[in-house]
Amino acid sequence: MSRIGNNPVAIPEGVTVDVKDSVVTVKGKLGELTQNFDTVGIKVEDGNVLVTRSSDLKDQKAKHGLYRSLMNNMIEGVSKGWTKELELVGVGYRASNQGQKLDLALGFSHNIILNIAPEVKVETISEKGKNPIIKLTSFDKQLVGQVAAKIRGFRRPEPYKGKGVKFVGEVIRRKAGKSA
């Protein structure tokens, strides 16, 4: 039994949800998202979205909570938006952006220049005495997570000194190093 899948998703003001066949379109003030939902039924009733399954097959039970979470993420994304923040820890690690081009100096011989999708807004924060921060904002949770994971993948945090690109608030498991 899916406890998450049985919960209704509330539709806030300014958000419209359209269901045609198995394609759901969610429109809000920040943007528009579409998703194909197969194997589950989706109904819009008095300001709520209900996700139902037709049988208790293992595949449908597995996707029931998943599709409810996807609907919730879509509705929250077009109404409030999603934000991920990355922190660059290390001497000489810098980040700057010109529009949708992100320029990263991560200790390699050349800077990494990354073109970011137009749906994602990029902001770099550099204060003296603090680590540079990259702030990614969008209405699509999957896209923000994918871009953040790609940036983090350029220089993952290492366990000895903690240098690298990490999420703000992420705790790195540290190792002791050599004992003399």
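**Figure 1. Helix 3 lies across strand 7, strand 12 (133-138) and strand 13, and runs at about 5° to strand 7.**
You're looking at a predicted model, in which local features need pLDDT of at least 70 and side-chain atom pairs count only at pLDDT 80 or more, while totals for chains, interfaces and linings use all residues. Residues are numbered from 1 along each chain as its sequence is written, and side-chain values use heavy atoms, with hydrogens and water left out. Helices (H or I, at least four residues) and strands (E, at least two) are DSSP runs, numbered from the N terminus. Angles run from 0 to 180 degrees between N-to-C directions, with axes as lines fitted to C-alpha atoms, for helices over the stretch in contact.

**Figure 2. Here's the open sheet of 4 strands, in the order 11-12-7-13.**
Its strands pair in antiparallel fashion; two strands count as paired if DSSP finds at least two bridges between them. At the edges sit strand 11 (121-125) and strand 13 (164-167), each pairing on one side only. On average, neighbouring strands of this sheet are turned by 25° against each other, ignoring direction. Zoom in on strand 7 (residues 82-89) and strand 13: they run antiparallel and are joined by 4 bridges. Glutamate 87 has lysine 166 of strand 13 as its bridge partner.

**Figure 3. A second open sheet is built from 3 strands, in the order 8-9-10.**
The pairing is antiparallel here. Strand 8 (94-98) and strand 10 (112-115) stand at the edges with a single partner strand each, so one side of each has no neighbour in the sheet. Neighbouring strands are turned by 20° against each other on average, direction ignored. Strand 9 (residues 101-105) and strand 10 run antiparallel, with 4 bridges joining them. Leucine 104 stands opposite isoleucine 112 in strand 10. Helix 3 turns up in this view too: it packs on the sheet, touching strand 9 and strand 10, and its direction makes about 170° with that of strand 10.

**Figure 4. The largest pocket holds about 170 Å³ of space.**
A pocket is an open set of points on a 1 Å grid over the protein atoms alone, where a 1.4 Å probe fits, with protein on both sides within 12 Å along at least five of seven lines; lining residues have an atom within 4 Å of a point. Points are joined across faces, edges and corners, and the volume is the space filled by probe spheres set on them. Who lines it? The lining is made up of Leu33, Thr34, Gln35, Leu70, Asn73, Met74, Asp140, Lys141 and Gln142. Sorted by class, the lining has 3 nonpolar, 4 polar and 2 charged residues. In that count, Ala, Val, Leu, Ile, Met, Phe, Trp, Tyr, Cys and Pro are nonpolar, Asp, Glu, Lys and Arg are charged, and the others, Gly among them, are polar.

**Figure 5. Threonine 39 and aspartate 46 each have a positive phi.**
Most residues other than glycine have a negative phi. Threonine 39, with phi near 70°, is not a glycine, and nor is aspartate 46, with phi about 30°. Find threonine 39 in the loop between strand 4 (32-36) and strand 5 (41-45), and aspartate 46 in the loop between strand 5 and strand 6 (48-52). Threonine 39 is partly exposed at 29% relative accessible area, whereas aspartate 46 is exposed at 75%. Buried means under 20%, exposed over 50%, and partly exposed in between (1.4 Å probe, protein chains only).

**Figure 6. Serine 138 is in strand 12.**
Serine 138 counts as buried, at 5% relative accessibility. Leaving aside neighbours within four places in sequence, serine 138 is in contact (heavy atoms within 4.5 Å) with Gly81, Trp82, Glu119, Val120 and Val144.

**Figure 7. Lysine 163 sits in the loop between helix 3 and strand 13.**
Lysine 163 is partly exposed, with 33% relative accessibility. Tyrosine 93 is 70 residues away along the chain, yet the two C-alpha atoms are separated by 9.4 Å. Not counting residues up to four places away in sequence, lysine 163 touches Val89, Gly90, Tyr93, Arg156, Pro157 and Glu158.

**Figure 8. Threonine 25 belongs to strand 3 (residues 23-27).**
Threonine 25 is buried, at 15% relative accessible area. Beyond residues up to four places away in sequence, threonine 25 touches Thr16, Val17, Asp18, Glu32, Leu33 and Thr34.
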